[in-house]
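Please keep the structure open beside you as you read.

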Amino acid sequence: IFEGIQGELTRMYTPKARTLIRDLVAVATRERLAFQGMAQAGTADVVKDVKLVNALADQIVTSERLDVKQVQLVEASLVLGTSFTKTIWRTDRGKPHAVAKNGSIVYTGGVEITTPTVFDVFYDINYPLWELLPWVEVRTIKNRWDLIAQHPDLKFEILQIPSISEQR
């Protein structure tokens, strides 16, 4: 239903809006994510490096389920007007690599890609371009017992932090 003085507004019922958004998401995310490494030189070492990069990119797309996260991002941006991706390197992931002097296990590490909601990302909205932002904070929810297992020396400090159910 078109409304407004010049018909510039559209009124629709929620079930119809949901269907239209899901159709847009399906069209926008139809293609499978594929990343292609590129090199600037043509030596044999660079060709091997590009093949390695392409294999790693395919592995990350599969292991981090980026196709599912792509759908979440597109839907969130259509519903909320914006969406975010957070990529970090986790030192507590991967295969065991060595044992530290304190007896803890050192892992090879691994990438973690998440899609925080617009309510979990804090930044100064006065900056016109994302590249100009001096800081961005992302709230993440962690299990306190996993944190205690990772940092046993901080057990009492971690236990004093209020739980997320008390924060909301």
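Helices and strands here are DSSP runs, with at least four residues (H or I) for a helix and at least two (E) for a strand, numbered from the N terminus. Counted this way, the protein has six helices and eight strands. Please bear in mind that this is a predicted model.

**Overall build**

If you trace the chain from the N terminus, the elements come in the order β-β-α-α-α-β-β-β-β-β-β-α-α-α. The radius of gyration of the protein is 22 Å, whereas a compact globule of 168 residues would have one near 15 Å. The C-alpha trace spans about 75 × 55 × 30 Å along its principal axes. Of the 168 residues, 17% count as buried. The accessible surface of the protein is about 13600 Å², and carbon and sulfur atoms account for 59% of this surface. As for contacts with a separation of 6 or more, 41% of them join residues 24 or more positions apart.

**The largest pocket**

Now let us turn to the largest pocket, which has a volume of about 360 Å³. It is lined by 21 residues, and those closest to its centre are R90, E112, T140, I141 and K142. Which elements each supply at least two residues of this lining? They are β3 (86–90), β6 (110–114) and α4 (144–150). Of the elements, α4 gives the most to the lining, with four residues. The table sorts the lining of the largest pocket by class.

| Class of lining residue | Number in the lining |
|---|---|
| Nonpolar | six residues |
| Polar | seven residues |

**A look at V118**

Next, find V118 in the loop between β6 and β7 (121–123). Is V118 buried, partly exposed or exposed? Buried means under 20% relative accessible area and exposed means over 50%, with partly exposed in between. V118 has a relative accessibility of 26%, so this residue counts as partly exposed.

Which residues does V118 touch, if its neighbours within four places in sequence are left aside? V118 is in contact with L80, T82 and F84.

Conventions
Residues are numbered from 1 along each chain as its sequence is written. This is a predicted model: local features need pLDDT of at least 70, side-chain atom pairs count only at pLDDT 80 or more; totals for chains, interfaces and linings use all residues. Side-chain values use heavy atoms; hydrogens and water are left out. On a 1 Å grid over the protein atoms alone, a cavity is a set of points where a 1.4 Å probe fits but cannot get out, and a pocket is an open set with protein on both sides within 12 Å along at least five of seven lines; lining residues have an atom within 4 Å of a point. Grid points are joined across faces, edges and corners, and a volume is the space filled by probe spheres set on the points. Ala, Val, Leu, Ile, Met, Phe, Trp, Tyr, Cys and Pro count as nonpolar, Asp, Glu, Lys and Arg as charged, and the others, Gly among them, as polar. Buried means under 20% relative accessible area, exposed over 50%, partly exposed in between (1.4 Å probe, protein chains only). Contact means heavy atoms within 4.5 Å. The radius of gyration is taken over C-alpha atoms; the globule rule is 2.2 Å times the number of residues to the power 0.38. Accessible areas come from the Shrake-Rupley method with a 1.4 Å probe; for residues, only the protein chains shown count as cover.
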